[in-house]
Amino acid sequence: MENPHAERQAVLLERILKNASVCTEMILELNHCVEEILRANASVKIAADLTTKYRKNVQYNLAATKQDSL
């Protein structure tokens, strides 16, 4: 006579494994999408970094100009 608990556990384990497999596939797809977004935003990041450096240089030069005029 088969153990009904073992049969039920086998069914549940099969469902868990299937769901874990689907979850893994979705995570891989999400990682792929994030990589695409990062590649697409690379030029935007460079532009933002250049703008930030430019702003800092302007602020420094304005402060230096004010001190020279005093």
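A helix here is a DSSP run of H or I with at least four residues, numbered from the N terminus. With that in hand I placed I16, which lies in helix 1, residues 4-40. I note at the outset that the model is predicted.

**Overall form**

I looked up the secondary structure and found 2 helices and 0 strands. I then checked the radius of gyration, which is 29 Å for the protein. A compact globule of 70 residues would have a value near 11 Å. The spans of the C-alpha trace along the principal axes come to about 100 × 25 × 5 Å.

How much of the protein counts as buried? I found 0% of the 70 residues in that class. The cut-off for buried is under 20% relative accessible area.

**Helix 1**

I searched for nonpolar surface patches and noted one of about 310 Å². Which residues make this patch? L13, I16 and L17 do.

I16 I had already put in helix 1. I list I16 as exposed because its relative accessibility is 53%, and exposed begins over 50%. L17 also has its place in helix 1. L17 is exposed too, because its relative accessible area is 55%.

I took one distance from L17, to E2, which is 15 residues away along the chain. Their C-alpha atoms are separated by 23 Å.

**Helix 2**

Next I went through the charged side chains. Opposite charges on side chains can pair when the charged atoms come close. How many salt bridges does the count give? I got 1.

The partners are K45 and D49, whose side chains meet with an N to O distance of 3.0 Å. I applied the cut-off of 4 Å between a Lys or Arg side-chain nitrogen and an Asp or Glu carboxyl oxygen. Both K45 and D49 lie in helix 2, residues 42-69. They are 4 residues apart, about one turn of the helix.

Is K45 exposed or buried? I list K45 as exposed, because its relative accessibility is 52%. D49 has 34% and therefore counts as partly exposed.

I looked at A48 as well, and found it in helix 2. A48 is partly exposed, because its relative accessible area is 37%. From A48 to L28 I noted 29 Å, C-alpha to C-alpha, with the two 20 residues apart in sequence.

A64 also has its place in helix 2. The C-alpha atoms of A64 and Y54 are 15 Å apart in space, for 10 residues in sequence.

**Charges over the whole protein**

Last, I counted 9 positive and 9 negative charges. How far apart are their mean positions? I wrote down 14 Å.

Technical notes
Residues numbered from 1 in each chain as written. Predicted model: local features only at pLDDT ≥ 70, side-chain atom pairs only at ≥ 80, totals over all residues. Heavy atoms only, no water. Patch = residues over 30% accessible without salt bridge, like charges linked within 9 Å, V, L, I, M, F, W, Y side chains within 5 Å. Areas by Shrake-Rupley, 256 points an atom, 1.4 Å probe, with all protein chains shown as cover. Buried < 20%, exposed > 50% of the residue type's maximum accessible area, 1.4 Å probe, protein only. Rg over C-alpha atoms; globule rule 2.2 N^0.38 Å. Lys, Arg positive; Asp, Glu negative; His and termini not counted. Charge placed at Lys NZ, Arg CZ, Asp CG, Glu CD.
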